[in-house]
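Visitor: I would like to learn how to read a structure like this one, feature by feature. Could you take me through it slowly?

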Amino acid sequence: MNKKKSKTRYEKHLVQCPHCKRDVLDHMTQCPFCEGELHPKYTSLDPKKIKKIRGVLTIVFIAIALMILIARFN
Ligand SMILES: [Zn+2]
């Protein structure tokens, strides 16, 4: 295990709080130091939404596969 590497990975997720200028993690929506509002780069998608997107993608994929099959037979 490389300790230095993991630290760098952790530091990648550090952003500066716009309110108190302290280091906070980029997924946080609220600063733990000043309780100011933060705007994370990525918000965690809720599982229901992911499931829905995955379902739509599956349908699209099947539709494309069918179109290719139909095109082959023509
Ligand atoms: Zn803050």
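Visitor: Where is the place of Lys-21 in the protein?

Guide: Elements come from DSSP runs, numbered from the N terminus, with helices being runs of H or I of at least four residues and strands being runs of E of at least two. Here Lys-21 sits in the loop between β1 (14-16) and β2 (23-25), and its phi is near 65°, a positive value in a residue other than glycine. Bear in mind that this is a predicted model, in which local features need pLDDT of at least 70 and side-chain atom pairs count only at pLDDT 80 or more, while totals for chains, interfaces and linings use all residues. Residues are numbered from 1 along each chain as its sequence is written.

Visitor: Does Lys-21 count as buried or exposed, and why?

Guide: A residue is buried if 20 or more other C-beta atoms lie within 10 Å of its own, exposed if 12 or fewer, and partly exposed in between, with C-beta atoms placed from the backbone. Lys-21 counts as exposed because it has 10 C-beta neighbours inside 10 Å. Glu-35, in the loop between β2 and α2, has a phi near 60°, again a positive value in a residue other than glycine, and Glu-35 counts as exposed because it has 10 C-beta neighbours inside 10 Å.

Visitor: How many helices and strands does the protein have?

Guide: The protein has two helices and two strands, and from the N terminus on they run α-β-β-α.

Visitor: What does helix α2 reach from its first C-alpha to its last?

Guide: The expected span of a helix is 1.5 Å times one less than its number of residues. Helix α2 (residues 47-73), with 27 residues, reaches 39 Å, close to the 39 Å expected. The count of buried residues in α2 is zero, and in the protein buried residues make up 1% of the 74 residues.

Visitor: Where is confidence lowest, and where is it highest?

Guide: Confidence is given by pLDDT, the predictor's value for each residue, from 0 to 100. The protein averages 86, and 84% of the residues score at least 70. Confidence is lowest in helix α1 (residues 3-12), at a mean of 70, and highest in α2, at 93. Where pLDDT is low, the predicted coordinates should not be read in detail.
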